[in-house]
Amino acid sequence: MKKIEFSLAAILLTVLFALPAAAQIGNVYIHDPSTIVKCDGKYYTFGTGSGGLMSDDGWTWRDGAVRTGGGVAPDVIKIGDRYLVSYSAGYPGTEGKVRGVVTTMWTKTLDPESPDFGYSEPELVAFAGDDEDCWAIDPAFLLDPYGRLWCSYGTYFGAIRIVELDPGTGKRKAGNKAVDIAIDCEATALMYKDGWYYLLGTHGTCCDGVNSTYNIVCGRSRNVTGPYLDNMGRDMLQGGGKMVLSAGNRATGPGHFGHFVEEEGVEKMSFHYEADYNRSGRSVLAVRSLLWKNGWPVAADPFREGTYEIESERRGYSLELAVDFVRQQGGMRAFRIDPNEPVVELEEQKLEDVQDRWPAGEIGVRAGDYMFRPHQRWTVTAVPDKGGYLGAPYYKITIAGTERALAATEDGELVAVPQYTGADEQLWRIEQLTDGTFRIMTKITCACGKHQKCLMSTGDSTVALGEYDFSSDNCKWNFRDR
Amino acid sequence: MSVSISRRILLSALALGLLSALPARSQELDLSYHHPVLEDYFAPVSAAPATPDAQGFIRRWSLLEPIAKPEIRTNAIFDDSYLNAEFAKEYFKDQMTIVPKDGQKVKLDKKTKLAWHCFDSQRYNVKLYRFASCLGLHPTEALFLAVTVVNVPEDMTVRMSVGSNSASKWWVNGEEVILLSGDRRMVVDDCVSPKITLKAGRNVIRGAVINGPGMSDFCVRFLDGKGRPVTNFTVTNQ
């Protein structure tokens, strides 16, 4: 029996490590995922059909979320201490057939195990008549900074529309008329940032497996009802849209954008890929960091494992072992030399040239001028079986060519331990911030048990762990390969 | 642009209420709506020549009733080879030279005659789906042909800008100028031709738009060397 268990575990680990670090793990199979929301410490998303996915950490997903009503392409938003869920389904309208309806319903919690779990009777908030230029599906919520609740919906057949709902009841605001805001897209979403409303739409072809050309585009407006213009000034009612994310990284058809704000400077976008080449071409949940460039949202590339200089945003100095700087041969050259002297390529300093001089035990960590020396080159490797956070696994950070691992100490300092062991203090959370820099956080939490500490510059040349603060370059780092 | 077959099945089921497990309450929502009519999209052609709209879009067109293409189950088939072959077919006599009059009919075969309709589009984009559906014709799985005449005061070097749903091909004075291939959405300035010369006087613009399931429309304008819309010309149907 033990042998079988071992084999299954080995297979599971093989599968885990065979998948790229960019992919979520577990049961990630979903189509048309709703915006990811957090409820009582767990993450939830719902898809077309009944049910949905849930996760304890945002990295490993499983079946188990419960949504009634069936239908297609739901969305979820937390308002106060309740969750408003919307989905589109059929409805026998008074004038006969309809091209979809949008409904909303409340629940106090998304945790199906909670005694407070349970959906209210769905309310019809929008619909499209059977011969209108609209199909009322794919609803998406936005609660704007002024406390007004909006819902966009629609598909390729005609216009994307927006209506206003009452955030207290989830019902359509009395007297509100639907407004057309885009064409030729579906699976829309709305965001607000810095005085702009953003309309995300999914262009391209859905539901065609690896040939699906779905892609996510965006326009923005000062008014929630538009006009939403792209970076060329083209109205989304004229088909405009600036690309946010298209196919790549062995997956096609990103669609159904959802916006998740972790905290200031840490934003994520959830979506599905129509087809994941590493998972039989099935539709899967995906999460990326969301960056902002010149006022436009940009999907971050997945973090790539590799060997990097880890450069501080504060001074531009680089994370390094606190060891002797070993000079290379050569030194000062004459400024005027014979131009006919043969040119030769110099060798870079190698690990074996210097590592015997390093202490055998723990070594301190600091920042210094980057000289592409072995004590400054760090290999970042995903450790997907050690859990993760929304969208990514934890990583180990080791000096290239060694097992010397960056680790947190109990008193909030940094050290390089001689051997990576997989202990939590040697695991790191790496997230790209909205400005394109990265924050590097411990897996372990502070004494309070709630907050993860951030790798930060305490001086130009000194580093420690501290509280994350997006407004400070002390908390920001860049991974460079040079 | 089509919706894929699986999505269509899902949406059809949705429209019939098959996916609805719970009835929704709607007592507070007005369920009335406007039923589209031809006049929402097209106006009769006036005697006076038309001009492009402020953004340069050509709105006066002669549209042939849709040529049925029931074999198009998905727009995924619209690769360049398929489209070039399909657009090269002759469906009726003088297909590539006719400048039709309103109501003029052409004969496709012994059973099929189709009429040309001259309209001014109410919108910058010409809604082919609605042109067909409002006339009681099958609006999808179809090939649409469009013709118009552009009258320019002097020779003009321009680029022809087209957006179409789905694939299309366009000719100016009998010369092919642009192909929009693939399962396309109608996007303003999606595809722009190489530089072409509109001759002083009359220039015949001809287009063919093909679509499987879903909406179908197009928009056409001319752009100058700096990408600005050209508006100093008139548009007629002869």
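Reader: How many bridges join strand 20 of chain A to strand 21 of chain A?

Author: In this predicted model, 4 bridges join strand 20 (residues 282-293) of chain A to strand 21 of chain A, and the two run antiparallel. Strands of a sheet pair through backbone hydrogen bonds, either parallel or antiparallel. As an example from this pair, A:Leu290 has A:Ala299 of strand 21 as its bridge partner.

Reader: In what order do the 4 strands of the open sheet in chain A stand?

Author: The order is 18-19-20-21, with antiparallel pairing. Strand 18 (251-263) and strand 21 (296-299) of chain A are the edge strands, since each pairs on one side only. From one strand to the next, the twist averages 35°.

Reader: Let us turn to a helix. Which residues of helix 2 of chain B are buried?

Author: A residue counts as buried under 20% relative accessible area. In helix 2 (residues 80-88) of chain B, the buried residues are B:Leu83, B:Glu86 and B:Phe87. They lie on the same side of helix 2 of chain B because they cover an arc of only 90° around the axis.

Reader: What do these buried residues pack against, and which exposed residues does the face turned away carry?

Author: The buried residues pack against strand 7 (142-152), strand 9 (167-172), strand 10 (175-180) and strand 13 (201-211) of chain B. The face turned away from the buried side carries B:Ser81 and B:Ala88, which are exposed.

Reader: How many helices and strands are there in chain A?

Author: Chain A has 2 helices and 35 strands. Its radius of gyration is 26 Å, close to the 23 Å that the globule rule gives for 482 residues, so chain A is as compact as a globular protein of that length.

Definitions and conventions. Residues are numbered from 1 along each chain as its sequence is written. Chains are lettered from A and ligands numbered from 1 in the order in which they are written. This is a predicted model: local features need pLDDT of at least 70, side-chain atom pairs count only at pLDDT 80 or more; totals for chains, interfaces and linings use all residues. Side-chain values use heavy atoms; hydrogens and water are left out. Buried means under 20% relative accessible area, exposed over 50%, partly exposed in between (1.4 Å probe, protein chains only). The arc is that of the directions from the helix axis to the C-beta atoms. Contact means heavy atoms within 4.5 Å. Two strands pair if DSSP finds at least two bridges between them. Axes are lines fitted to C-alpha atoms, for helices over the stretch in contact, and angles run from 0 to 180 degrees between N-to-C directions. The radius of gyration is taken over C-alpha atoms; the globule rule is 2.2 Å times the number of residues to the power 0.38.
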